[in-house]
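Here is a short briefing for a reader new to this structure.

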Amino acid sequence: VDTSTVFQHRKALLVTRHGKEQVIGPPLREAFGIELVTTDQPDTDLFGTFSGEVERPGDQLATVRLKVEAACSAHTGADLLLASEGAFFPHPDSPFLMMNRELILLKDQVHQLECIGRSVNLAPGIMRVTVHSAADALAQLPAFRFPAFGIILRATDRHTGRLLLRKDCPSFAAVEAAVNELLPFAADGKVEMEHDLRAHRNSDRMGFIADAAAHLVRVMQRCCPACGVPGFDVTDILPGLPCNWCGSPTRLVLAYQYTCTKCNAAHTDYFPNGKQTADPGSCDHCNP
Ligand SMILES: [Zn+2]
Ligand SMILES: [Zn+2]
């Protein structure tokens with residue numbers, strides 16, 4: 001494999017219905033001259049939408065792989081395919097904080113390799129309120145940072161018990177109209193208003209997907225020192241940076257483990273943050 005030309009000037013297909021090409025296309029074009037085209041097939045919403053439950057990274061990676069596999073079957077002419085997947089999950093140390101993880105998977109059918117770009121961030125505040133009138137809803141919108149952040153309205157039909165849903169309200173007037181439309185049917189006169197987490201309606205998420213795309217470019221540029229195939233990436237983070245007072249291992253990062261997905265060659269990169277010892281403040285012995 002000639003690593004300098006593996007990705008140069010190829011055409012790539014991105015599966016998205018939510019405008020993600022705006023942030024994934026430019027870095028790929030700049031780094032490799034890749035021309036990104038989009039497709040709305042397969043319908044990525046069939047692979048699940050946000051539920052707010054705990055999601056393990058394995059599930060998310062498995063989901064994005066399924067999207068890419070489905071795209072490979074639907075578009076047999078494409079040999080470079082991309083899909084992305086976002087997940088929200090509670091912070092491991094403090095369950096009241098929500099985290100967001102964005103993954104972008106690139107699959108190269110010609111060279112049979114995959115590269116994964118990631119970005120993990122504290123999720124923006126995800127709000128949900130109950131409103132009883134259109135005026136009530138309008139008064140709450142600034143706190144939602146509407147319209148930069150979209151909202152979803154939902155109510156339960158008081159006759160049928162069915163879920164009534166309104167998405168894609170572009171303006172204050174549209175929200176007002178949608179609430180007025182729902183209220184006569186809404187059980188207990190209640191409408192739930194919550195943040196729309198889809199990428200095109202959430203500018204924070206779009207920024208995080210841009211970060212994942214930048215990471216993807218770095219992964220595509222990093223080649224295995226043994227076989228030269230691109231996609232050489234961190235597969236494990238090893239904690240244990242020693243305390244600079246007592247020398248005990250702390251929970252801070254000691255090394256990044258890199259593994260080649262093609263030939264399994266491994267490389268351990270010690271002190272990736274440029275520090276050989278940890279501040280005693282992060283030591284369980286010195287600062288229990
Ligand atoms: Zn290798
Ligand atoms: Zn210590």
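Helix 1 covers residues 21-32, and at 1.5 Å a residue its 12 residues should span 16 Å. Its end C-alpha atoms lie 15 Å apart, which agrees. The model is predicted.

**Helix 1 and its surroundings**

- Five names make up the buried set in helix 1: Val-23, Ile-24, Gly-25, Leu-28 and Phe-32.
- Gly-33 follows helix 1, and the phi of Gly-33 is positive, near 70°.

- Four strands form an open sheet in the order 6-9-7-8, and the pairing is antiparallel.
- Strand 6 (128-131) and strand 8 (163-166) are at the edges. Each has a single partner strand, so one side of each has no neighbour in the sheet.
- From one strand to the next, the twist averages 25°.
- Strands of a sheet pair through backbone hydrogen bonds.
- Strand 6 pairs with strand 9 (residues 191-195) over four bridges, in the antiparallel sense.
- Thr-130 has Glu-192, in strand 9, as its bridge partner.

**A helix on the sheet**

- Helix 4 (residues 172-182) packs on the sheet.
- Helix 4 touches strand 7 (151-156), strand 8 and strand 9.
- The direction of helix 4 makes about 10° with that of strand 7.

Methods: Residues are numbered from 1 along each chain as its sequence is written. Chains are lettered from A and ligands numbered from 1 in the order in which they are written. This is a predicted model: local features need pLDDT of at least 70, side-chain atom pairs count only at pLDDT 80 or more; totals for chains, interfaces and linings use all residues. Side-chain values use heavy atoms; hydrogens and water are left out. Helices (H or I, at least four residues) and strands (E, at least two) are DSSP runs, numbered from the N terminus. The expected span of a helix is 1.5 Å times one less than its number of residues. Buried means under 20% relative accessible area, exposed over 50%, partly exposed in between (1.4 Å probe, protein chains only). Two strands pair if DSSP finds at least two bridges between them. Axes are lines fitted to C-alpha atoms, for helices over the stretch in contact, and angles run from 0 to 180 degrees between N-to-C directions. Contact means heavy atoms within 4.5 Å.
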